[in-house]
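Dear colleague,

Please find below the structure that I am handing over to you, with the sequence. My notes on what was found in it follow directly after.

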Amino acid sequence: MQTAEPTAPTQTAITVRGFSSWYGSFQALRSLELEIPSQQITAFIGPSGCGKSTFLRWINRMNDTIPSARAEGTLDLHGEDLLSKSLDVVDLRRRVGMVFQKPNPFPKSIYDNVAFGPRLHKSYTRAELDELVEQSLRSASIWSEVKDRLHSSALGLSGGQQQRLCIARAIAVGPEVLLMDEPCSALDPKSTLAIEELIETLADRYTIVIVTHNMQQAARVSDQTAFFFEGRLVESGATETIWNKPKNKQTEDYITGRFG
Amino acid sequence: MAAVRSASTRLLANRAFLTLCLAATSIAMLVLAILLLAIFVQGWSGLSWDFLTGLPSRKADKAGVFVALMGSLWVCAICGLLALPLGVATAVFLEEFAQKTRFTRIVQTNIMNLAGVPSIVYGILGLTAFARMFGAFGTNVEDAISLGSEESLFFLRIPFGSSVLAGGLTLMLVILPVVIIATQEALRAVPGSLRAGAFALGATRWQTVWGITLPAAVPGIMTGAILAMSRAIGESAPLLVLGGALFVSGAPENLMSDFAVLPLQIYNWASRPQESFHAIAASAIILQLVVLFLFNGIAVFIRQKLQKPLQ
């Protein structure tokens, strides 16, 4: 409850209106209403299976890989309809990066992991790419640990380092939004701390949406919190408000650990 | 209530099972050892440089294996060069691109079945489709359409007749299902999280396959492919049906040359009444085994080398 400073109202990055989604006949999300502010950290909390990861995966259309998934309603990024059939999902995913629950570095060198994304979208000279890789690794606070072994395998890194590498990889393609799906759940407390500090520094430049099961983490890092329960968005708002004066009984019970 | 089993009973059962497994393994090893021993005793003395480079002869002490060895290498090279790209591409399509529909399920089941079809059936198919081309161009070699001079490396003839090209194509049919299945398994072994990671960076399906999935699957694909090649080099039945000649005077010079292969040469020599030919058949078997071990060795080597960066 300490670090999340009260922030002035800012621009809205993602607008959600009457958003519902289904897997086949199972309704995973029910008429969500939410605004995700630009360059702030928004935390999604809620018990397992409440739909928060599903929603996250709609923002970069990763759900397209699941044939039975469909959605209705409004989901806009700076006014652009993200559910449109004609949307270029390849370009969307360049603008909306994602970090997964389990670190998933490619079985390539550290350098090639970071360079993989940029190379997909345009061709760079060697020098430009070197520069971009270094910048991305610096932004992800891992440069000093890997600068002497850029060309050795990324799989030799520790779990926490791998996750920061994955963040560097996501940053390298120059996204506006970073989606993080429980990025620390597979990590030890020390690595978790490192990632949390990193997330806070990244919020200066990126709009960050983080799904977490860790209440303390949500409280520590986020500016905004949205509480999901059984496919519904129960309550959302400034993290401080949610934590100190939740309007909803369910929210209060959940964050105080009485259920979930 | 289940009866309580004493520790000694369970220990006894454990030991009995262990003995059974050991016995089964020893029988297999013993058979292999006897086989190798018999062949080495018979054939070791016949192995020489002259045997390796010698042409076929009616006299056993002058006969060499050169023509058959070169024939085997030609046929296998053609087979591998065609089966690998085709098989890998098919597997990539089925695993990474195709929707799981009734059609792809039927294709999948068919490939599984094709892998179990006896190779002699492929020989008949090869004879009809490649050697004779369904008789569409007449049945005489004289009627064939020829491209280029017969001495040229690029000489082509339609239909192919009992040529190395027809042999290679037929063996390709034999190993194609094996290559496809091995590649599919290698692709399936690549964690989905890697694909998701690539998609999340804005990679297209093709970029994901080419940049991430295929490289990660290469060790598995290579192992499967080379094991399939070892099968191809040991095949005799389909080539016999195709009309792979038992008496050929020289090594293949182009794709339309007649050819002999090692297994057929071994068959030819072993089926003669003279003891001396049995001896050189054993020598040829040793050579065939060496080629096989070489192939398997390459497979292991590639696997080791390519898996290193993954660790």
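**Findings**

Within chain B, five residues of domain 1 are in contact with eight residues of domain 2; contact here requires C-beta atoms, placed from the backbone, to lie within 7 Å of each other. The residues on the domain 1 side of chain B that touch domain 2 comprise two nonpolar, three polar and no charged. In this classification Ala, Val, Leu, Ile, Met, Phe, Trp, Tyr, Cys and Pro are nonpolar, Asp, Glu, Lys and Arg are charged, and the others, Gly among them, are polar. Domain 1 of chain B covers 1–46 and domain 2 covers 48–310, with bounds from an automatic or database domain assignment. Their C-alpha centres are 34 Å apart.

Please note that this is a predicted model, in which local features need pLDDT of at least 70 and side-chain atom pairs count only at pLDDT 80 or more, while totals for chains, interfaces and linings use all residues. Residues are numbered from 1 along each chain as its sequence is written, and chains are lettered from A and ligands numbered from 1 in the order in which they are written.

**Chain B as a whole**

Chain B contains eleven helices and two strands, these being DSSP runs numbered from the N terminus (helices: H or I, at least four residues; strands: E, at least two). Their order along the sequence is α-α-α-α-α-β-β-α-α-α-α-α-α. The C-alpha trace of chain B spans about 75 × 60 × 40 Å along its principal axes. Of the 311 residues in chain B, 36% are buried. A residue is called buried if 20 or more other C-beta atoms lie within 10 Å of its own, exposed if 12 or fewer, and partly exposed in between, with C-beta atoms placed from the backbone.

**Where the chains meet**

Between the chains, 22 residues of chain A are in contact with 17 residues of chain B. On the chain A side, the elements giving two or more residues are helix H2 (89–95), strand E6 (96–99) and helix H3 (110–121). That side divides into ten nonpolar, seven polar and five charged residues.

**The sheet of chain A**

Strand E6 also belongs to an open sheet of six strands in chain A, with the order E6-E7-E8-E3-E9-E10 and mixed pairing. Its edge strands are E6 and E10 (232–238), each of which pairs on one side only; pairing requires at least two DSSP bridges between two strands. E9 (residues 224–229) of chain A and E10(A) are antiparallel over six bridges, and Phe227(A) has Glu235(A) in E10(A) as its bridge partner.

**The nonpolar core**

The largest nonpolar core has 144 residues, of which Val209(A), Ile175(B) and Val179(B) touch the most other members. Such a core is a set of buried Ala, Val, Leu, Ile, Met, Phe, Trp, Tyr and Cys residues joined through C-beta atoms within 7 Å. Helix H6 (residues 164–188) of chain B gives the most to this core, with 16 residues. Beyond its neighbours within four places in sequence, Val209(A) has contacts that include Ile36(A), Phe44(A), Leu56(A) and Leu179(A).

**Two residues with positive phi**

Glu182(A), which is not glycine, has a positive phi near 45°. Glu182(A) sits in the loop between strand E7 (177–181) and helix H7 (189–202) of chain A. Glu182(A) counts as buried because 21 other C-beta atoms lie within 10 Å. Met133(B) has a positive phi near 50° and lies in the loop between helix H5 (119–131) and strand E1 (145–147) of chain B. With 16 other C-beta atoms within 10 Å, Met133(B) is partly exposed.

Yours sincerely

Definitions and conventions. Contact = placed C-beta atoms within 7 Å.
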